[in-house]
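Below are some short notes for a colleague who has not seen this structure before. Please read them with the model open.

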Amino acid sequence: MRKIAVILPMFIVAGLFASCNNDKTEETPVPETPVQEVYQPVHKSSAVDLSTAQKYDYRNAPMDAPATGVTVSYDQKKPYAQPITVKYTYANGDSYTYTIPAEFGLWKNQAGKFRVVTDQDHTVWLQGQTKKGKFHEFVFYGDPKYNGTKVKPNSYRNPPAGEIKYRK
């Protein structure tokens, strides 16, 4: 009986230790914070082919959203010196660039300014001819709401920018 009195408490103590070690505390998984993808701006471009361009060449807005800015780059002193670039920028960082080859030269109006008009809606109007004498008038829209419309430009009004009126 004495052996039972000594062995039984040892089993009880061993059982208590064993049950304490088996406490299963479930760890709650920590949810991973979602990694926000950073938008990578897209920069697209196209070259204007003068051999297939129409006499009055209207180009729709290149993106579905209106442009936030436009820059027209050309040689301010003489035509045919460098290619003409029309670069549109957008709110999300995207850009779209049209390049007209150096074969195309801008005409000057009677006031001696090149016939380039840009308005507040980022529409660009250019007028000139190729080195071979073929006339072209280019209209690049910056806002898609004007796609399919015709323009009536006036490079003399609203100096120095000029004026563009839209019509159906």
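1. Ile-100 is in contact (heavy atoms within 4.5 Å) with Val-48, Leu-50, Pro-83, Ile-84, Leu-126, Phe-138 and Phe-140, leaving aside neighbours within four places in sequence.

2. This is a predicted model, in which local features need pLDDT of at least 70 and side-chain atom pairs pLDDT 80 or more, while totals for chains, interfaces and linings use all residues. Residues are numbered from 1 along each chain as its sequence is written, and side-chain values use heavy atoms, without hydrogens and water.

3. Ile-100 is also among the residues with the most contacts inside the largest nonpolar core, which has 22 residues. Such a core is a set of buried Ala, Val, Leu, Ile, Met, Phe, Trp, Tyr and Cys residues joined through side-chain atoms within 4.5 Å; buried means under 20% relative accessible area, exposed over 50%, and partly exposed in between, with a 1.4 Å probe and protein chains only. Two or more residues come from each of β4 (84–89), β5 (95–100), β6 (104–106), β8 (124–130) and β9 (135–140). Another core, of 8 residues, lies apart and includes Val-139 and Ile-164.

4. The protein has 1 helix and 11 strands, taken as DSSP runs (helices H or I, at least four residues; strands E, at least two) and numbered from the N terminus.

5. Tyr-39 sits in the loop between α1 (2–21) and β1 (43–47). With 44% relative accessibility, Tyr-39 counts as partly exposed. Its side chain forms a polar contact of 2.9 Å with that of Asp-94; the term covers N or O atoms within 3.5 Å, one able to donate a hydrogen and the other to accept it, and residues adjacent in sequence count only if both atoms are side-chain atoms.
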